[in-house]
Amino acid sequence: MTGWMKVVVVMVLMVATVGVKAHTHHLHNTHKEREEDGTRTPRDHDHYVEGKHNTEFDHEAILGSTKEAEEYDQLPASEAKRRLEILLLKMDRNNDKSIDRTELQMWILRSFRMLSEEESAERMEEVDEDEDGYVTWAEYISETYGITDPSDHGLLQEEDKTEEQKLLKEDRQLFNAADQNIDGRLDDKEFLAFTHPEENPDMLPIILQQTLDEKDANKDGLIDFQEYIGESGQEKDREWLVTEKDKFDQDYDRDTNGVLDREEILSWVVPTNEDIAEDEVDHLFGAADDDGDGLLSFLEVLDHHDVFVGSEATDYGDHLHNLDRFDDEL
């Protein structure tokens with residue numbers, strides 16, 4: 001290869017690399033799923049980062065896959081529109097050639113479920129060391145905590161590992177609850193419940209009890225404002241305390257009796273995908289409902305395809321058109 005040809009090849013590779021946008025999974029594992037106040041990290045936690053809008057969230061909310069979103073980011077606009085139109089036909093449940101708010105919200109909720117399944121499958125691949133399609137407790141703590149022997153309690157004896165001790169205990173509780181057939185290992189469905197317990201009704205009692213164990217200082221089964229903010233909250237400034245008191249009173253204490261009962265605790269610590277999907281519907285309608293009629297025509301969506309799925313004017317090569325997976329019932 002001549003010198004100038006090598007330069008051209010290098011430049012092409014550099015342009016191709018720069019053009020690829022990396023969509024990253026936000027895995028709900030023990031080290032990433034909790035907010036500072038103990039709540040579960042919501043699905044849309046990175047929709048806006050430091051006031052800046054993250055378009056990746058919108059694309060994944062429509063496509064239900066980070067892998068698909070990455071692929072769309074590399075498609076020419078014409079191809080992105082062609083594929084998006086196929087999705088619109090599947091999204092349009094009443095076949096009126098437009099998308100109403102309910103249809104879009106149902107689609108987004110389905111995408112969220114698919115994203116959770118994709119995230120869990122990727123995590124399971126990392127943890128399933130013997131590749132037998134199951135995850136044992138030994139495999140999980142080996143990959144996550146570096147404990148190679150389940151009977152080794154050295155980690156628990158180290159004073160500077162209090163947070164790891166807490167996480168390990170909570171993980172064990174969640175693992176046991178997800179292991180529905182009590183065979184000591186998790187299949188893919190059980191592992192999904194383990195990695196995304198906030199999305200599985202059977203796992204909510206465990207989350208509730210873990211929250212009470214951490215927050216309920218007087219053990220009355222309720223959480224008052226002082227317990228809600230915890231010891232760390234005592235050191236916050238007045239502005240923070242006023243904000244948190246307003247959230248406690250207005251958002252969580254629905255019966256206004258000054259304490260959170262079990263149902264109210266769950267509404268606090270477990271974000272609902274329904275509310276997140278509704279917010280995303282508002283966002284997408286605001287971006288694409290040009291005539292303001294409360295419906296998204298196919299033309300409006302396709303005119304704003306970059307909002308819904310993105311595209312990039314690059315050579316995308318031979319991509320697998322994995323559209324059949326959208327044929328399932330919502």
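Buried residues, meaning those under 20% relative accessible area with a 1.4 Å probe and protein chains only, make up 42% of the 330 residues in the protein. This is a predicted model, in which local features need pLDDT of at least 70, side-chain atom pairs count only at pLDDT 80 or more, and totals for chains, interfaces and linings use all residues. Residues are numbered from 1 along each chain as its sequence is written, and side-chain values use heavy atoms, with hydrogens and water left out.

The protein contains 15 helices and eight strands; these are DSSP runs numbered from the N terminus, helices being H or I with at least four residues and strands E with at least two. Contact means heavy atoms within 4.5 Å. Among contacts between residues at least 6 apart in sequence, 64% join residues at least 24 apart.

A nonpolar core is a set of buried Ala, Val, Leu, Ile, Met, Phe, Trp, Tyr and Cys residues joined through side-chain atoms within 4.5 Å. The largest such core has 32 residues, of which L88, L104, I108, F112, L296 and F308 touch the most other members. Elements that give two or more residues to this core include α4 (77–91), α5 and α13. A second, separate core of 18 residues includes Y145, L168, A193 and F194.

| Residue | Residues in contact |
|---|---|
| L296 | S98, I99, L104, F285, A288, D289, V301, F308 |
| F298 | L88, L89, D92, K97, S98, I99 |

F298 is found in helix α14. It counts as buried because its relative accessibility is 10%. Although F298 and I99 are 199 residues apart along the chain, their C-alpha atoms are separated by 7.5 Å.

The UniProt record, an unreviewed entry, places the feature "domain: EF-hand" at residues 79–114, 115–150 and 276–311; positions follow the numbering used here, feature names are shortened, and annotations may be inferred rather than shown by experiment. Over residues 79–114 the chain is 75% helix and 6% strand, with its end C-alpha atoms 23 Å apart.

A pocket is an open set of points on a 1 Å grid over the protein atoms alone, where a 1.4 Å probe fits, with protein on both sides within 12 Å along at least five of seven lines; lining residues have an atom within 4 Å of a point. The second largest pocket is lined by 21 residues, of which E198, E199, N200, P201 and N273 lie nearest its centre. α5 gives the most to this lining, with five residues.

How values were computed: Buried < 20%, exposed > 50% of the residue type's maximum accessible area, 1.4 Å probe, protein only. Lists of a residue's contacts leave out its neighbours within four places in sequence.
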